[in-house]
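Open the model in your viewer and follow the stops below. Each one says what to select and what is there.

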Protein chains: 2
Amino acid sequence: LDIPYYAVIFSAHRTPGDNGYNAMAVRMEAIAATMPGYLGLESARNEDGFGITVSYWKTEDDIANWKQQVDHLEAQRQGHINWYKDFDVRVAKVERAYNMKKN
Amino acid sequence: LDIPYYAVIFSAHRTPGDNGYNAMAVRMEAIAATMPGYLGLESARNEDGFGITVSYWKTEDDIANWKQQVDHLEAQRQGHINWYKDFDVRVAKVERAYNMKKN
């Protein structure tokens, strides 16, 4: 990935139960992957319901565009009402990156 | 937190077994919390061993300083050898943030 790019860090505590969350999450990831500027997504969740999802985008405009996508707007609405006790969203410019991978 | 601040996004696949990892992780979080510019840390891990840890810092210098802390250097060395199959590290400038919290 060419530096700089952008990360949306979404960290949240889930409410108990699924309530349609997992189906939505799979669907949102599939739709996000079709959006302009999408570079990838990583997600991890603890058994206690705390999770972090980071999505990566070429530009801030790509993030704004995804935030307004119609299915995503509905997911955000449901998230607010049903799925999350709390969440933090941070938009950040990735300025440096390195990695390690064992063969 | 005052915008802008910095995030270190560490995403990694663990090797099987603990091998001293959990004790180190607790210790590193305790030491990080004493470092200049430390603003907080969030961590989540899937059952399959994929995890994301995001630490937050006031400045890039604070991140460089933490990266060179002596116990952290040893943890990085062990991580490379023993704990991780792969990892990505991204240093990002947090430019916007918002949150939701239910009462």
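This is a predicted model: local features need pLDDT of at least 70, side-chain atom pairs count only at pLDDT 80 or more; totals for chains, interfaces and linings use all residues.

**Stop 1**

Residues are numbered from 1 along each chain as its sequence is written, chains are lettered from A and ligands numbered from 1 in the order in which they are written, and side-chain values use heavy atoms, with hydrogens and water left out.

Switch to cartoon. Chain A has three helices and four strands, in the order β-α-β-β-α-α-β. Helices (H or I, at least four residues) and strands (E, at least two) are DSSP runs, numbered from the N terminus.

Now colour by burial. Of the 103 residues in chain A, 44% are buried, meaning under 20% relative accessible area (1.4 Å probe, protein chains only).

**Stop 2: B:A92**

Select B:A92. It sits in strand β4 of chain B, residues 84-101. Its relative accessibility is 0%, so B:A92 counts as buried.

Next, display its contacts (heavy atoms within 4.5 Å). Leaving out residues up to four places away in sequence, B:A92 touches A:A92, A:K93, A:V94 and A:E95 in chain A, plus B:Y5, B:Y6 and B:A7 in chain B.

Eleven residues separate B:I81 from B:A92 along the chain, and their C-alpha atoms are 26 Å apart.

Technical notes
Buried means under 20% relative accessible area, exposed over 50%, partly exposed in between (1.4 Å probe, protein chains only).
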